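Welcome! Here is a short tour for someone meeting this structure for the first time. Take a look at the chain below, and then we will walk through it topic by topic.

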Amino acid sequence: MVSRLSSRCATLLRVVAQMRLPLHSFCIFRSLFPQRRPASNPQTRGLSTAAMRLVQFVRRGASGGVRVGVEQGAGGLGVVDLKAFDPSMPSTMRELLQLGDEGLDCARRALASGQCVVERSDLQLLSPVLAPEKVVCVGMNYRDHCLEQNAPIPKEPIIFSKFPSALTGPYDDIVLPAESQEVDWEVELAFVIGRGGKHIKEEDALAHVAGFTVANDVSARDWQMRRNGKQWLLGKTFDSFCPLGPALVTRDAVGDPHSLAVRCLVNGDTVQSSNTDQMIFQTEALVAWVSKFVTLTPGDVFLTGTPPGVGVFRKPPVFLKKGDVVECHIDQLGSIINKVV
């Protein structure tokens, strides 16, 4: 049976070559045949070590819904459509991560094939993860940010959350809510859980991380600091208050996530500039700590805190207004750029 399928695929390839059909035609042909993938044991699923930049996107002006893709380069080249390469693959990042190595190995093969490429001009990037079960945030996690506000260094991680509905794409608008007059910026390193677990040991924690991305923890300071009993949730979770992206950069594509330059610019002016080496509780410690309380699942998003330079602690304070453009950049991960409307 396998030999007959291989022969038929080879015949189709010759037909495509002879007819000089575009490459995407082969993607259509290959969807007619089952794709063989190595079996994986769900009890031992880890995460592929391949260096990749994974994205979620929709095609401009076309139906078909959300797709998962693999960037051919850091921002300038096309994106390999994973479901076009292998129709048995899921359409969302969260579902892909739930497959463990099986899904990421397929993504690696798709990237190596050079097939089923969507040009940048034909797609719109979405948040790398949509509808995660959890968006876990960490407050006061940069030493220089604590010094900025004369606050003591926390002895334990300060954990809060955003609702998943706050997530928005890397180039989508930030919508100023009528209920707040004090909306602020916070560039943050984010990471995404790829392998679930509870009571994860710190020395094992990185094996549960799929990769890293850039976040803006947009914050309504009036609601965070004075309203709602000074509980942070409402001030952090207005719609569009968590731009994320542009890609989920897998662990092996990032040299040292705790030695990356971090910057935020508003209208081209640098307002935050630091390094992730200022983090008090690093990725491994955060995974171990939070998993003491809740079970982590693939697709969960962690925002790891912000460096100094936020608007609320400037003298006088500065807040975002309509027409502002906020760029958050982290070396090796890229930039997200969002207009305030």
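Helices (H or I, at least four residues) and strands (E, at least two) are DSSP runs, numbered from the N terminus. Please keep in mind that this is a predicted model, in which local features need pLDDT of at least 70, side-chain atom pairs count only at pLDDT 80 or more, and totals for chains, interfaces and linings use all residues. Residues are numbered from 1 along each chain as its sequence is written, and side-chain values use heavy atoms, with hydrogens and water left out.

- Among the buried residues of α5 are Leu104, Cys106 and Ala110. Buried means under 20% relative accessible area, exposed over 50%, and partly exposed in between (1.4 Å probe, protein chains only).
- The buried residues of α5 pack against β1 (53-59), β2 (67-71), β3 (79-81), α3 (82-85) and α4 (93-98); contact here means heavy atoms within 4.5 Å.
- Cysteine 116 lies in the loop between α5 (101-113) and β4 (117-118). Cysteine 116 counts as buried because its relative accessibility is 4%.
- Cysteine 116 and lysine 83 are 33 residues apart along the chain, and their C-alpha atoms are separated by 9.0 Å.

- How many of the residues of β6 (residues 135-139) are buried? Five of its five residues are, so this strand is described as mostly covered.
- In a regular strand the side chains alternate between the two faces of the sheet. In β6, Val135, Cys137 and Gly139 point one way and Val136 and Val138 the other way.
- β6 pairs with β7 in the antiparallel sense over five bridges, where two strands pair if DSSP finds at least two bridges between them. Serine 161 in β7 is the bridge partner of valine 136.
- β6 also pairs with strand β16 (residues 301-303), in the parallel sense and over three bridges. There, cysteine 137 stands opposite leucine 303.

**Helix α9**

- Helix α9 (residues 283-290) is mostly covered, with seven of its eight residues buried. Those buried include Leu286, Trp289 and Val290.
- The buried residues of α9 pack against β6, β7, β10, β11 and β16.

**A four-stranded sheet**

- Strands of a sheet pair through backbone hydrogen bonds, either parallel or antiparallel.
- An open sheet of four strands has the order β15-β14-β17-β18, and its pairing is antiparallel.
- β15 (269-275) and β18 (334-339) stand at the edges with a single partner strand each, so one side of each has no neighbour in the sheet.
- Neighbouring strands of this sheet are turned against each other by 10 degrees on average, direction ignored. Axes are lines fitted to C-alpha atoms, for helices over the stretch in contact, and angles run from 0 to 180 degrees between N-to-C directions.
- Strand β17 (residues 325-330) is joined to β18 by six bridges, and the two run antiparallel. Glutamate 327 stands opposite isoleucine 337 in β18, and cysteine 328 has isoleucine 336 as its bridge partner.
- Three residues lie between the strands in the hairpin of β17 and β18, where glutamine 332 takes a positive phi near 75 degrees.

**Aromatic rings**

- A search of the whole structure finds five aromatic pairs. Rings of Phe, Tyr and Trp (its six-membered ring) pair if their centres lie within 6.5 Å; planes under 30 degrees apart count as stacked, over 60 as edge-to-face and the rest as tilted.
- Phenylalanine 160 and tryptophan 232 form an edge-to-face pair, 5.0 Å centre to centre and with 75 degrees between the planes. This pair links distant parts of the chain, 72 residues apart: phenylalanine 160 is in strand β7 (residues 158-162), and tryptophan 232 is in the loop between α7 (221-225) and α8 (233-236).
- Phenylalanine 160 is buried, at 13% relative accessible area, whereas tryptophan 232 is partly exposed, at 26%.
- Phe191, Phe212 and Phe302 form one aromatic cluster.
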